[in-house]
Amino acid sequence: MENNPVELGLGGGGGGGGRRVVVIGGGVGGSFIAKSLQFNADVTLVDPKDYFEMPWASLRGMVEPTFAERSVIHHKDYLTNGRLVVSKAIDITKSEVLTAEGRLLAYDYLVIATGHYDPLPKTRNERLAEYQEENEKIKAASSILIVGGGPTGVELAAEIAVDFPEKKVTLVHDGSRLLEFIGPKAANKTLDWLRSKNVEVKLQQSIVSQSSSSDGSTAYLTSSGESIYADCHFLCTGKPLASAWLTETILKDSLDSSGRLKVDENLRVKGWKNIFAVGDITDLKELKQAYLAQKHAQIATKNIKLLMAGEKESKMATYKSHSVKVIVSLGRQDAVAQFPFTTLIGLIPGLIKSKDLFVGKTRKAMGLDPHFVNY
């Protein structure tokens, strides 16, 4: 990634008595907060890339690259009255954020929304080119190995199985069942669905080595001593938190043993009156899901507006962790859904998510045309 900062001044900043809000991280939570506050404060969004990406739609983009043209959005398209600094934040003081290039950004309110570490390209065009490359990789392969049986691995296996039924897809997972973060009933239904689409699922195994085979494919050796031959593979295992940089900042004592920021019921970092955290980086005891990051962002936005208006802290909104609600898409029509009192699989939960993967709905919430992309 290039190391030169890009700053886009996208208007003159809003009201809020000139209050300065710096948001670090342009993912689901950070982008929503920056958009929501841009006409109430002088907002600066700091992100290593110049775009917002809907992570729940990324796997569809691998089998249909044009789909990503709607799910990967330039920050400047929704941040019309704020400032974008395309750079990494590397330090925080009580009043400023330091970027990788030595630039200082003053703040009155700060939001940490860096989520998980994912080394994505810097520009939207580069990201779209990646989708094209991944699609060509899938189309050129006769056999595909997917490593990891969480939601990413399951959804990718399903997307490929539905769009390319002629390809041999093998999914290897080191756990005793798929989708271990949800109940066994939903996991078993998902396993049956994948097998009905001729996806070979190998549980309680991991890949220990790989070597070239005589036919040009790659031989992957599993922990049980089995060899799996595939033309390409995709690693769909968990990503680390993007919080290592905070260990050398004023927030080092606010991190728990897992590297998450400890937050109070108002989503302020514990011990700080003007620093908030949202999304996966928080220590909230709930599944880390994009729709919950959006709910965090709504609470944090409301509270920052309240504080900027000089209201009493006792009026601040509080966040309560939510019960499990999970929808894992299975191709273009089906899905498996776990709600608090029931589990469903097939077309009904698929109608909720799988066709458009909430892309149109999210674009509309960002103030953009749900369907049309004009670039």
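**View 1. Contact between helices H1 and H8.** In this view, Val28, Gly29, Phe32, Ile33, Ser36 and Leu37 of H1 meet Ala290, Ala293, Gln294, Ala297, Gln298, Ala300, Thr301, Ile304, Lys305 and Met308 of H8, where contact means heavy atoms within 4.5 Å and helices are DSSP runs (H or I, at least four residues), strands likewise (E, at least two), numbered from the N terminus. The residues of this contact divide into 10 nonpolar, 5 polar and 1 charged, with Ala, Val, Leu, Ile, Met, Phe, Trp, Tyr, Cys and Pro counted as nonpolar, Asp, Glu, Lys and Arg as charged, and the others, Gly among them, as polar. The axes of H1 (residues 28-37) and H8 come within 8 Å and cross at roughly 35°, the axes being lines fitted to C-alpha atoms, for helices over the stretch in contact, with angles from 0 to 180 degrees between N-to-C directions. This is a predicted model, in which local features need pLDDT of at least 70 and side-chain atom pairs count only at pLDDT 80 or more, whereas totals for chains, interfaces and linings use all residues. Residues are numbered from 1 along each chain as its sequence is written, and side-chain values use heavy atoms, with hydrogens and water left out.

View 2. Glutamine 289 is found in the loop between strand S18 (275-277) and helix H8 (290-308). With a relative accessible area of 17%, glutamine 289 is buried (under 20% relative accessible area; exposed is over 50% and partly exposed in between, with a 1.4 Å probe and protein chains only). Apart from neighbours within four places in sequence, glutamine 289 is in contact with Asp280, Lys325 and Val326.

View 3. Four strands form an open sheet in the order S13-S12-S11-S17, with parallel pairing (two strands pair if DSSP finds at least two bridges between them). Its edge strands, each pairing on one side only, are S13 (199-203) and S17 (232-235), and the twist averages 20° from one strand to the next. Strands S11 (residues 143-147) and S12 (residues 168-173) pair over 5 bridges, and isoleucine 144 has valine 169 in S12 as its bridge partner. Helix H5 (residues 124-140) lies across S11 and S17, running at about 135° to S17.

**View 4. The antiparallel sheet S7-S8-S9.** This open sheet has 3 strands in the order S7-S8-S9, with antiparallel pairing. S7 and S8 (residues 96-99) are joined over 3 bridges, and alanine 89 stands opposite threonine 99 in S8.
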